[in-house]
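Good morning. I will talk about how two chains meet, and then about what lies inside. Please have a look at the structure first.

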Amino acid sequence: MSRNALLFRLFISSAFVPLVVGAIGIAIMLSWLPGIPGSVIVHWGLDGNRQGEAWFYPLAVGIIVVAISALISGLLARAVHPGAPSVYEIVLAVVPLWISIFITGSAVVLLGAQRNGPSEIGHPWVGALASLGIAAAASGGAWLLLPRPKAVVKTAEGPEAKPLPIEPGQRTVWMGQVSIRPGVTVLATVLISLLLVFGIFTIVEGRPFGWVIVPLSIVLGFGLSTFDIHMTIDRRGLVVRGAIGVPTIRIPLDDVARVGVVTVNGLVDTGGYGTRFTPGRRTIVMIRSGDAIEVLRKSGRTLVVTIDDAQGAAGVLAALVAQPVK
Amino acid sequence: MIFTVDPSSPVPLFEQLAASVRSELGRGLAAGERLPAARDLASSLEVNIHTVLRAYQLLRDEGLVDLRRGRGAVVTAQAAGYSPVTAIVTQLVTEATRLGLDQDSVISLVRKEFAS
């Protein structure tokens, strides 16, 4: 399937249907607005004030549906290649459809129950559950209509790396690292630190939810540390290590069956970023999209690590593996 | 970054290591990029940590890296600027030595190239 034909079909699910559903829901809600007196109950708000203007419902639906459709369609447009789509592309394309039906349906039900003045709907979760069911059914339908995803890669797929020439007696080492953009790292660090400080203050003030915030910020900080990856390739083998030791993956040279370089896209190939275990016994350390070193182990497992200068890393590893053991 | 040393070579290890970093600069290291921690590099290359530190000091004296306590060796803006030429010169000298050309004949070849 050509890239454009595939994109067109993905866009039906990621943009066209979600936007139509959202527009219909907004039109229904707007037609009710003149008849709704004063404020209604909105079911969000941080300050515990659950009253709000009725127009908030169609506005929120509009913003959410347009934002999610644009975001996902944009990501797909950047990532899609000709041929069969990956399973993650399909999942991604179905997300806006699902969210649009769920959000629009919930808003229509919640606002519809308040057309004669503010009232808590008897069981709001009934409406929410119904929307969830409809959304799940629609997603299933889209899944059936969209093209079949290609089979999950079982073994190494990239072209085999050419060993770098190493003279006998030479000791060659490759060292490199990869992390998310420095600006993003700094921003995330600042935000997580602020969250931690906020959590500590709330505990000191005696509010119980600080006990949730503090562990949460620690978990987030820990998660961030796994996005700073260092890789060393030397006579002992290959070591991948996160900033504070998680993840740590070691592959001795005599366990390496094949070294290659692949180009991977975080969303299309693995459905996200971070250290992931995907079908086909592949472990993927996905920090950013782009070139990655791909190491097939003798056990049949594959390790893929996105890294700067993947070509150089693969060349050195292939050369070290080919070197006679002393 | 690829680092290579050959213990059987008559060239001192720290000079080999410095040359290795120079040729990495030629492959396009950006200003602000950090060289590996001396301890890690030493254990990977199976050399003494002082050998690595001496190589880093040599590169600092050449203005190619900054050595800062706690931050390790960082590529300077100057190094990133002229690195491609440095690497080619390194290559030229290596090749010339291999072919048995002496310093004067190489320099006269370079002069000739400039004049043409």
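This is a predicted model. Chain A and chain B bury about 1,300 Å² between them, and carbon and sulfur atoms give 49% of that area. On the side of chain A, the residues that lose the most area to chain B are A:Arg171, A:Val173 and A:Met175, which together account for 53% of what that side buries.

Now the contacts. Here 15 residues of chain A touch 16 residues of chain B. How many salt bridges does the rule find across the interface of chain A and chain B? It finds one. A:Arg235 and B:Glu46 meet through their side chains in a salt bridge, at 2.6 Å from N to O.

Sorted by class, the side of chain A that touches chain B has five nonpolar, five polar and five charged residues.

Next, the inside. The largest nonpolar core has 31 residues, and A:Met231, A:Ile233, A:Leu238 and A:Ile293 touch the most other members. Helix 8 of chain A supplies the largest share of this core, eight residues. A second, separate core has 26 residues, including A:Met175, B:Met1, B:Leu25 and B:Leu29.

Beyond its neighbours within four places in sequence, A:Ile233 is in contact with several residues, among them A:Val173, A:Leu238, A:Ile293 and A:Leu320.

Definitions and conventions: Residues numbered from 1 in each chain as written. Chains lettered and ligands numbered in written order. Predicted model: local features only at pLDDT ≥ 70, side-chain atom pairs only at ≥ 80, totals over all residues. Heavy atoms only, no water. Core = buried A, V, L, I, M, F, W, Y, C linked by side-chain atoms within 4.5 Å. Buried < 20%, exposed > 50% of the residue type's maximum accessible area, 1.4 Å probe, protein only. Helix = DSSP H or I, 4+ residues; strand = E, 2+ residues; numbered from the N terminus. Contact = heavy atoms within 4.5 Å. Buried area = accessible area lost by both parts, 1.4 Å probe. Salt bridge = Lys/Arg side-chain N within 4 Å of Asp/Glu carboxyl O. Nonpolar A, V, L, I, M, F, W, Y, C, P; charged D, E, K, R; others polar.
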